[in-house]
Amino acid sequence: MNDEEIANLINNSEIPVIAVPYSYKSSKITNMLYASDLTNLSKKLEIVAAFAKPIQAEVQLLHFSSFLENNIDQETYNLQLLNQMNYK
């Protein structure tokens, strides 16, 4: 495929597409970043954890909040998530 075909595939796909250059040299995945709007977080984190656990990757959660959102104790929330997912 040429670059234009790949771009069209990525831009028009109804499912996520990962394009990996032919010359890419693989390496072990040790960290993952999961960006979330925090809706259905427990269910979504189950999926992320199921991917991360076998490869022993650390997962970090990224969420941008506005000043309108409630203030929460982030450390308590993180501990609750870790305990719920049984993933540390």
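In what kind of crossing does α2 pass α3? The legends below take up this question after an overview of the chain.

**Figure 1. Overview of the protein chain, whose elements run α-β-α-β-α from the N terminus on.** This is a predicted model in which local features need a pLDDT of at least 70 and side-chain atom pairs count only at pLDDT 80 or more, whereas totals for chains, interfaces and linings use all residues. Residues are numbered from 1 along each chain as its sequence is written, and side-chain values use heavy atoms, with hydrogens and water left out. The protein chain has three helices and two strands, these being DSSP runs numbered from the N terminus (helices: H or I, at least four residues; strands: E, at least two). The average pLDDT of the protein chain (the predictor's confidence in each residue, from 0 to 100) is 84, and 90% of the residues score at least 70. Where pLDDT is low, predicted coordinates should not be read in detail. Of the 88 residues in the protein chain, 14% are buried, where buried means under 20% relative accessible area, exposed over 50%, and partly exposed in between (1.4 Å probe, protein chains only). Of the contacts (heavy atoms within 4.5 Å) with a separation of 6 or more, 67% are between residues 24 or more positions apart.

**Figure 2. Packing of α2 against helix α3 (residues 74–85).** α2 passes α3 in a right-handed crossing; a crossing is called right-handed if the near helix is turned clockwise from the far one by less than a right angle, and left-handed if anticlockwise. The contact is made by L41, S42, L45, E46, A49 and K53 on the α2 side and by Y77, L81, Q84 and M85 on the α3 side. By class, this contact of α2 with α3 comprises six nonpolar, two polar and two charged residues, with Ala, Val, Leu, Ile, Met, Phe, Trp, Tyr, Cys and Pro counted as nonpolar, Asp, Glu, Lys and Arg as charged, and the others, Gly among them, as polar. The two helices pack at an angle of about 65°, with their axes 10 Å apart; the axes are lines fitted to C-alpha atoms, for helices over the stretch in contact, and angles run from 0 to 180 degrees between N-to-C directions.

**Figure 3. S36 in the loop between β1 (31–35) and α2 (41–55).** S36 counts as buried because its relative accessibility is 11%. Not counting residues up to four places away in sequence, S36 touches L41, L61, L62 and H63. The side chain of S36 also reaches the backbone nitrogen of L38 at 2.7 Å.

**Figure 4. L38 and N40 in the loop between β1 and α2.** Most residues other than glycine have a negative phi. L38, a residue other than glycine, has a positive phi, near 75°, and N40, which is not a glycine either, has a positive phi of about 50°. L38 counts as partly exposed, because its relative accessibility is 29%, whereas N40 is exposed, with a relative accessible area of 56%.

**Figure 5. T30, in the loop between α1 and β1, and E58, in strand β2 (residues 58–62).** T30 is partly exposed, with a relative accessible area of 43%, and E58 is likewise partly exposed, with a relative accessible area of 43%. The C-alpha atoms of T30 and A57 are separated by 4.4 Å although these residues are 27 residues apart along the chain, and the C-alpha atoms of E58 and N31, also 27 residues apart, are separated by 4.7 Å. Leaving out residues up to four places away in sequence, T30 touches Q56, A57 and E58. The side chain of T30 makes a polar contact with the side chain of N31 at 3.2 Å, a polar contact being a pair of N or O atoms within 3.5 Å, of which, within protein, one must be able to donate a hydrogen and the other to accept it, and for which residues adjacent in sequence count only if both atoms are side-chain atoms. The side chain of E58 makes a polar contact with the side chain of Q60, at 3.2 Å.

**Figure 6. A19 in the loop between α1 (3–12) and β1.** A19 counts as partly exposed because its relative accessibility is 45%. Apart from its neighbours within four places in sequence, A19 is in contact with I6 and I10. From A19 to L9, 10 residues apart in sequence, the C-alpha to C-alpha distance is 9.6 Å.
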